[in-house]
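Let's walk through this one together, starting where the chains touch and then moving into a single chain.

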Amino acid sequence: MGTTFGLGELGFLIQGLKWTVLLAAIAFVGGGIGGLGVALARVSTSKPLRRITGGYIALFQGTPLLMQLFVIYYGLGLMGLMLPAWVAVAIAFTLHASAFLGEIWRGAIEALPKGQFEAARALGLHYVPRMRDVILPQALRIALPATIGFLVQLIKGTSLAAIVGFIELARAGQIVSNQTYAPLLVFTVVGALYFALCWPLSLYGSRIEGRIARATAR
Amino acid sequence: MGYTLDFSVVIDALPSLLWGCLATIGLAQSGMSLALVIGVAGVVARGSNQRWLRGLVIGFVELIRNTPFLVQIFFLFFALPHIGLTLNPTVTAILALGLNGGAYAIEIIRGGVQSIDKGQIEAGLALGLHKGQVFRMIVLKPALRAIYPSLTGQFIMLTLTSSICSAIAAYELTSVAQRIESDTFRSFEVYFTITGLYLAISWLMMTGFSVFSRRYFNYPTR
């Protein structure tokens, strides 16, 4: 029969939280690398490259994250790749994050004054130093609030891994709730854990947003 | 490697999938309507001089925006019956979508209200417009135009989010797909197809919204 909600159950939820953080971290780092590539391709001079990455972004922004998880999860299986569930899920979230971060950073790059590109080129800087030393540092600064906003979305999004059976915080909550028959308490704790993770990030994001707004208003 | 893709089961199930699309649109529509009501009420309450009311709205917005939708809908569906409030899955789904969308709508609408310049209202009154005209032409329409892109974007987001309502077996496209999947074991084919259907829905919405915006909000800003 059911158990009561005790330290053991709380520990199980914390274990789930650990996987949530890990999954979000992998997806954010992977998506950061992928997103950088997507953003650079979106502002490149090659039309096919812009088209392909534009389609990639439209695809991921126009479909539910849950469907992306399902299709990639089952699709990898069909390709004969016998991956552990968490790897498949991490790949799906990485692809998802690449599309969204790519779009955010593209917007930031295009928001920079044209003079920055022209001046860098006039100084004789080639593509790599121009991007690395002039364009990207400024663009990433503008994009920081939106990037943090997306990180919060990503952390919340990892809860959908629960539906494909991966045991992170939301799934752990479901399991404990079924064991203890105390959904009210369990989902309150689960919600509080997510909140504790996301809220400081949200606050930090809006603080930098305010700072950037003040800096550009001057 | 003996797996061959077989979309015939999906083609057979196409009528029920299209009904699922309609159900998804209906669910999102109901959720968005509730969200707009919450949004407007929230903005009014946010501007009240009662401190506790303002705090309540801020707390609601922060709580919803910093927890996953899946946990919110689980809370409503599994926890509320324990305090004597049992709702069927579809009603729970609408409520969850409405509350979630409402929190974002509050922030969006608040931005729109703040974007109205007081001087414009005074100018309108000075030109001899009466209050109703000032509200309609100087406050409402520009405010609607200012929030229109974010609000319709939020509507599309909510439509995509509604797929999560399948977790409590509310009737919509994803849960229809899950039923077909468990009957046929053609997971990839089924989900691949409905991903396409979702893409079509969001594309149609986006096109519709931009056509409307071009017709209705097509006047110079300054």
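**Where the chains meet**

The contact draws 31 residues from chain B and 30 residues from chain A, with two residues in contact if their C-beta atoms, placed from the backbone, lie within 7 Å. This is a predicted model, where local features need pLDDT of at least 70, side-chain atom pairs count only at pLDDT 80 or more, and totals for chains, interfaces and linings use all residues. Residues are numbered from 1 along each chain as its sequence is written, while chains are lettered from A and ligands numbered from 1 in the order in which they are written.

On the side of chain B that touches chain A, α3 (51-65), α4 (69-79) and α9 (187-216) of chain B each supply at least two residues. The largest share, 10 residues, comes from α9(B). Helices here are DSSP runs (H or I, at least four residues), as are strands (E, at least two), numbered from the N terminus.

**Inside chain A**

Now for chain A: its secondary structure comes to eight helices and zero strands. Its C-alpha trace spans about 75 × 50 × 25 Å along the principal axes. Of the contacts in chain A with a separation of 6 or more, 75% are between residues 24 or more positions apart.

What about individual stretches? Residues 20-41 of chain A are 100% helix and 0% strand, with the end C-alpha atoms 30 Å apart. Over residues 53-75 of chain A, the figures are 87% helix and 0% strand, and the end C-alpha atoms sit 21 Å apart.
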